[in-house]
Amino acid sequence: MTTEIRNEPSGKLEFASLYAQVEQFYAHQLELFDAHDAESWAGTFTEDAVFEVPPLSEPVRGRAGLAANVRRDQARQQREGACVRRWIGKLDVRPQFDGTLRTRCSALAYATPPGGDSRVLHVCVMEDVLVRSRSTWRTRHRRVTRDDLA
Amino acid sequence: MTTEIRNEPSGKLEFASLYAQVEQFYAHQLELFDAHDAESWAGTFTEDAVFEVPPLSEPVRGRAGLAANVRRDQARQQREGACVRRWIGKLDVRPQFDGTLRTRCSALAYATPPGGDSRVLHVCVMEDVLVRSRSTWRTRHRRVTRDDLA
Amino acid sequence: MTTEIRNEPSGKLEFASLYAQVEQFYAHQLELFDAHDAESWAGTFTEDAVFEVPPLSEPVRGRAGLAANVRRDQARQQREGACVRRWIGKLDVRPQFDGTLRTRCSALAYATPPGGDSRVLHVCVMEDVLVRSRSTWRTRHRRVTRDDLA
């Protein structure tokens with residue numbers, strides 16, 4: 001071991017490790033959503049997950065409800081004839097004393113019709129509680145707020 | 001310690017640690033700006049920070065000036081009736097021999113009026129000098145250039 | 001070494017290290033493209049790299065072809081009078097058993113005319129095979145798909 005690692009506080013390496021895991025987790029989770037892979041996407045949440053998202057007036061609870069949400073989104077995209085891609089950025093990761101992570105990020109959706117111009121569909125803030133469950137992170141609680149409905 | 005860590009050059013782990021710290025730093029700093037938290041945002045800069053940003057013809061110097069800039073931005077948003085969110089991406093982090101970091105990233109602002117469509121407000125390049133100050137990174141120098149004014 | 005590092009599986013630190021390297025690699029590679037630095041950009045690919053990108057009907061092969069592609073892009077931007085910036089996000093990094101990395105990300109291009117409004121030009125998916133070559137990562141294969149042409 002060289003001096004630099006010795007001098008690097010272990011908390012900083014652990015944070016870097018968590019940060020990369022969370023980025024990879026969201027890349028995968030968002031990819032599943034964009035691909036309308038309803039069951040796999042729902043599996044990235046805990047079984048008892050709660051998802052608060054506009055314009056729904058009631059939170060979605062549990063994986064069956066989450067998967068149904070993906071299928072509703074897919075049906076809407078097919079009606080509107082546009083490919084929608086989600087992005088996140090400005091990811092803030094806060095490890096908690098109980099081993100969970102609180103994350104906050106901005107989320108965007110871009111819609112692109114075939115042969116047409118892309119446009120920004122929504123600008124959102126997404127706040128999650130992530131828990132480690134069977135060796136991977138899963139979302140236990142998600143709250144999305146949309147800038148146009150704020 | 002397993003073989004993989006032994007084989008991983010310490011400089012690479014240190015770089016990963018720095019990179020995650022800088023991403024987290026910007027997530028937090030941009031969040032404070034979006035929330036118009038003028039004093040907290042100014043506190044993420046050094047006391048003698050210099051901030052060059054268009055369309056201002058003179059650099060902003062020091063925290064009082066930085067905080068005033070946030071309040072000007074907040075007043076403009078209230079006049080124009082839109083919620084503005086900043087993003088960064090394409091983050092390039094270059095550790096310097098003196099312990100400072102030079103960073104370069106693209107920055108975007110999205111504006112969303114209540115009930116209306118989001119749009120891209122500005123595309124910028126943001127170049128910072130970050131210094132470690134009382135156990136955290138702070139911006140000592142920032143230069144923003146806007147693609148529409150280039 | 002403190003307990004936390006001992007407990008952190010080495011694979012997780014190695015992943016964090018790879019993830020940061022890849023983010024930095026793309027920040028640099030995209031910056032070279034935006035700056036129309038054709039030869040330096042081509043140098044971030046392997047000599048035998050294959051680049052599949054719409055609307056080209058044939059893959060670009062090798063560095064001379066890659067550099068020519070940058071110059072074509074530069075000429076088009078000059079004709080159209082807009083500054084174009086690429087972004088990536090939602091970066092998924094998958095280490096392979098042979099030491100290569102498979103990456104998948106979303107890519108955006110923003111166009112900004114002088115004094116005008118920025119707009120989203122393209123929303124793409126970018127899939128790379130990265131190989132370590134002379135102590136740095138290089139792209140050996142890239143496939144870009146555009147949402148408007150899907």
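Copies are superposed here by least squares on the C-alpha atoms of residues with pLDDT of at least 70 in both.

A quick note before the views: this is a predicted model, where local features need pLDDT of at least 70, side-chain atom pairs count only at pLDDT 80 or more, and totals for chains, interfaces and linings use all residues. Residues are numbered from 1 along each chain as its sequence is written, chains are lettered from A in the order in which they are written, and side-chain values use heavy atoms, with hydrogens and water left out.

**View 1. Chain A meets chain B around a rotation axis.** Ala16(A) is the residue of chain A that comes closest to the rotation axis, its C-alpha sitting at 3.6 Å.

**View 2. The fold of chain A has four helices and six strands.** Helices (H or I, at least four residues) and strands (E, at least two) are DSSP runs, numbered from the N terminus. Read from that end, the order is α-α-α-β-β-α-β-β-β-β. The C-alpha atoms fill a box of roughly 60 × 35 × 30 Å along the principal axes.

**View 3. Inside chain A, 55% of the 150 residues count as buried.** Buried means under 20% relative accessible area (1.4 Å probe, protein chains only). Contacts are heavy atoms within 4.5 Å; among those in chain A between residues at least 6 apart in sequence, 50% join residues at least 24 apart.

Technical notes: Buried means under 20% relative accessible area, exposed over 50%, partly exposed in between (1.4 Å probe, protein chains only).
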